[in-house]
Amino acid sequence: MSRTNLLDREVGRAMSTLSAAAKQGLGDPALAELVVIRASQLNHCAFCLDMHLTIAREHGVSARQLDLLSVWEEAGDVYDERERAALALTEAVTVLTGGFVPDEVYERAARHFDAPRLAHLVALITAINSWNRVMVARRIPPGGYTP
């Protein structure tokens, strides 16, 4: 089976629609890109990293934030509390050790995001994890994204 046939066009459209709706509902394009980049780092998805680093720069995410994202917990004041809560939730949803998102991680995020934005954040994390798994499974290399 050819790897190029692993994602049906309609499935791709549905995934793209989910991703776009989640980003729009979150209402913070720069934060959305930090979230999808962090999940893509954890999932080792080179294609998604390449793509979303480009988009993040277009949304004004600083080079310092991009450079330190893999060590955000140790990065001091590079990320504010809202960003830290979103990144902690991203890691908890992406790496479901023990099978659950810890209550304290979810509650921390809930303090920084109202219910609709929190739902969109979770949807965004879920969507990028799906994209990462598709792209990694297909072994899609970086460099194919053009804005």
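A residue is called buried under 20% relative accessible area, exposed over 50% and partly exposed in between, with a 1.4 Å probe and protein chains only. At 22% relative accessibility, D28 therefore counts as partly exposed, and R82, with a relative accessible area of 26%, is partly exposed as well. The model is predicted, so that local features need pLDDT of at least 70 and side-chain atom pairs count only at pLDDT 80 or more, whereas totals for chains, interfaces and linings use all residues. Residues are numbered from 1 along each chain as its sequence is written, and side-chain values use heavy atoms, with hydrogens and water left out.

The whole structure holds four salt bridges, each defined as a side-chain nitrogen of Lys or Arg within 4 Å of a carboxyl oxygen of Asp or Glu. In one of them the side chains of R82 and D28 meet at 2.9 Å, N to O; R82 belongs to helix 5 (residues 81-94) and D28 to the loop between helix 1 and helix 2 (29-42), 54 residues apart. Helices here are DSSP runs (H or I, at least four residues), numbered from the N terminus.

Another salt bridge joins R38 and E91 at 2.8 Å, N to O. Because R38 lies in helix 2 and E91 in helix 5, this pair ties together parts that are 53 residues apart in sequence. Both R38 and E91 are buried.

R108 forms a salt bridge with E81, with 3.8 Å between the closest N and O atoms. R108 lies in helix 6 (residues 103-112) and E81 in helix 5, so parts 27 residues apart in sequence are tied together. R108 is partly exposed at 23% relative accessibility, and E81 is partly exposed at 46%.

Methods: Helices (H or I, at least four residues) and strands (E, at least two) are DSSP runs, numbered from the N terminus.
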